[in-house]
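Please open the model in your viewer and keep the selection panel at hand. The tour below goes from one selection to the next and says what is to be found at each stop.

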There are 2 protein chains.
Amino acid sequence: MRALHHPSRKSLTLTQVLYALSDPVRLAIVKHLAEDGGKACGTFCLPVAKSTASHHFRVLREAGVIEMQSEGTQCINSLRREDLDARFPGLLDSVLRASDPL
Amino acid sequence: MRALHHPSRKSLTLTQVLYALSDPVRLAIVKHLAEDGGKACGTFCLPVAKSTASHHFRVLREAGVIEMQSEGTQCINSLRREDLDARFPGLLDSVLRASDPL
DNA sequence: TCAATTGTTCTATTGTTTACGAACAATGGA
DNA sequence: TCCATTGTTCGTAAACAATAGAACAATTGA
């Protein structure tokens, strides 16, 4: 697996983050990661094909919402909480809270 | 002007709101309305054609982010702050705050 | 080495979004 | 009534996004 690009904290943009979070599949991923981080892509039960899931993980990564690390054949995902909180204080929390009853 | 449909507070969805806010033009509209509400569509200096602006106002309205009221030939816009705060506490504030240095 | 696992990339399809100009509708003032 | 103002709708084009299947790459274990 080649090196994955992650945007720097500074280069995160609000509109891109909001867009990344505005898809139900991606929001579900973020919710799961908020509950327990460090999960491999395959451990999410997503209602889409593997290739589509890969696309959604990529959108989240490129928006700076998640971090992906290769770990053997799988890749471990985690929320970029600190970066998001630093750049957009309160945003992630309010989104997670708002998505609770989902 | 015919009656404009506004979704009820209950029917607002997080993903729809996030999507509505994820466009730079729409975010600019929301920012302006947060500073001074009750502005007509024409008072916004937007970098798009009239018809395109109309589209963006509509997306915001249908997501439940803004309220539009006919007032003569113009239409007065305002943020649905109470509804948004009730449904998604802290979300609007964090978005507005995050968009400050924009 | 071979096969299984995990995820990415490529290609294609389908539908959505953004955008604009032109035409239209509604209102209000001259 | 006529005209200006304001905003919506329509038709259309270009760009983008979500989806899936097939092929591919990297790793791990047998």
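**First stop: charged pairs**

Select Arg9(B) and Asp83(B), whose side chains meet in a salt bridge at 2.6 Å, N to O; a salt bridge here is a side-chain nitrogen of Lys or Arg within 4 Å of a carboxyl oxygen of Asp or Glu. Arg9(B) lies in the segment before helix 1 of chain B and Asp83(B) in helix 4 of chain B, so the pair ties together parts that are 74 residues apart in sequence. Helices (H or I, at least four residues) and strands (E, at least two) are DSSP runs, numbered from the N terminus.

Before going on, note that this is a predicted model, in which local features need pLDDT of at least 70 and side-chain atom pairs count only at pLDDT 80 or more, while totals for chains, interfaces and linings use all residues. Residues are numbered from 1 along each chain as its sequence is written, chains are lettered from A and ligands numbered from 1 in the order in which they are written, and side-chain values use heavy atoms, with hydrogens and water left out.

Is Asp83(B) buried or exposed? With a relative accessibility of 17%, Asp83(B) counts as buried, whereas Arg9(B), at 37%, counts as partly exposed; buried means under 20% relative accessible area, exposed over 50%, and partly exposed in between, with a 1.4 Å probe and protein chains only. In chain A, Arg9(A), Arg80(A) and Asp83(A) are joined into one network by salt bridges that share partners.

Over all chains, a search of the whole structure finds eight salt bridges. One of them is between the side chains of Arg81(A) and Asp93(A), at 3.5 Å, N to O. This pair links distant parts of the chain, with Arg81(A) in helix 4 (residues 81–87) of chain A and Asp93(A) in helix 5 of chain A, 12 residues apart. Arg81(A) is partly exposed at 33% relative accessibility, and Asp93(A) is partly exposed at 42%.

**Second stop: helix 5 of chain B**

Now select residues 91–98 of chain B, which form helix 5, a mostly covered helix with six of its eight residues buried. The buried residues are Leu91(B), Leu92(B), Ser94(B), Val95(B), Leu96(B) and Ala98(B). In chain A they pack against helix 1 (14–21) and helix 5 (91–98), and in chain B against helix 1 (14–21), helix 2 (24–35), strand 3 (74–79) and helix 4 (81–87).

Which residues does Ser22(A) contact, leaving aside its neighbours within four places in sequence? They are Thr15(B), Leu18(B) and Tyr19(B), where contact means heavy atoms within 4.5 Å.

**Last stop: the lining of the largest cavity**

Finally, select Val17(A), Leu21(A), Leu84(A), Phe88(A), Leu91(A) and Leu92(A), which line the largest cavity. Helix 1 and helix 5 of chain A each supply at least two residues of this lining.

Key: 1 Å grid on protein atoms, 1.4 Å probe; cavity = no way out; pocket = protein on both sides within 12 Å on 5 of 7 lines; lining within 4 Å.
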